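Here is a short note on the structure shown below.

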Amino acid sequence: MGLTIWSYNIRWRNRSPNGRKSGWRNALDVLDHCRDLGAGCLQIGAQGWQKDFVRQVRDKRENLGIAIEGQIGLPRNKQDLGRFEAELLGAREAGATVLRSVCLNGRRYEKFGDKESWERFRKESLAALQRAEPIAARHKMKLAVENHKDWRADEQIFILKRLDSEWIGANLDFGNNFALLEHAHAVAETLAPYLMTTHVKDMAMAEYADGFLLSEVPLGKGVIDLSRMMKICQKANPAIWFNLEMITRDPLRVPILKDSYWVTMGKLPAADLADALKLAKEGKADALPKTRGRTDAGKLKFEEDNVRESFDYARKSLGFS
């Protein structure tokens, strides 16, 4: 079982140069924690890594026997190509063969207020990936695009087919597309031919006035058939890493009953909406994890408990060592 840095969203954001007990300084500290946790892979941002630091990351992960995957931003214009290539090369030198990236930092239904801005985003995303592809191909690095509450599966497949590159594929997030009215199992089946890496999570839902609440929960406590998901992934890519992304936070509000949600969605099958509403109706809001009202120390402990509970479940119920 691997680990994405956003399983420690709270602790990672608390990092500081002096290495406070509640935080981390950098990826080297996270690798030490991976050893303690028993994680076999770390997926983490590779921004700003200088040559000496890259060497330190490579040496530490090799000594610990931990694989690494990078996270980098796409080149948004020609001037950004140098930054993109430098980060790619740093991650490669540290030992990564896969880099995760996203097209949208945010949620589709919150980010776009009209169809025109959505269509502009679609075109700009394709252009950014077309800029990235020759660099990834030249250095033989796989670039895995996450379904980041931006693309429904058929939209992401359309882009990947347009690119038609062995170096551009998918970072399958098990839970994100619930926010776009797609069940995890269907998303995995659709993206299977392009799978390069994963964000493993379980999800729970509950009703609220404007739609449904959506929350990551410790593995085994949600609505996803995790064994089924992993079988789909392993069949498609036997070398794939399963990287836990158990984000500890307040539930997300997905306002499917508001007109603003539908601005970019177009026409969807009624069954997709019905399935989401059914799952939400079956859930209980009080059972969803919350950070609100906890002290800073309490949030850190809650986050750590959720991660460790997920790793324990993976070992006991999903066959991980």
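1. In helix 2, the buried residues are Ala-27, Leu-28, Asp-29, Val-30, Leu-31, His-33, Cys-34 and Leu-37. Buried means under 20% relative accessible area, with a 1.4 Å probe and protein chains only. Helices are DSSP runs of H or I of at least four residues, and strands are E runs of at least two, numbered from the N terminus.

2. This is a predicted model: local features need pLDDT of at least 70, side-chain atom pairs count only at pLDDT 80 or more, and totals for chains, interfaces and linings use all residues. Residues are numbered from 1 along each chain as its sequence is written, and side-chain values use heavy atoms, with hydrogens and water left out.

3. Helix 2 covers residues 27–37, and eight of its 11 residues are buried. The cover over these buried residues includes strand 1 (2–4), helix 1 (9–13), strand 2 (41–45), helix 3 (51–64) and helix 11 (296–317); contact here means heavy atoms within 4.5 Å.

4. At the start of helix 2, the backbone nitrogen of Leu-28 lies within 3.0 Å of a side-chain oxygen of Asn-26. Just after the helix, Gly-38 has a positive phi of about 90 degrees.

5. The protein chain holds 11 helices and 11 strands, and 55% of its 321 residues are buried. Of the contacts with a separation of 6 or more, 79% join residues 24 or more positions apart.

6. The C-alpha trace spans about 55 × 45 × 35 Å along its principal axes.

Technical notes:
Buried means under 20% relative accessible area, exposed over 50%, partly exposed in between (1.4 Å probe, protein chains only). A polar contact is a pair of N or O atoms within 3.5 Å; within protein, one must be able to donate a hydrogen and the other to accept it, and residues adjacent in sequence count only if both atoms are side-chain atoms.
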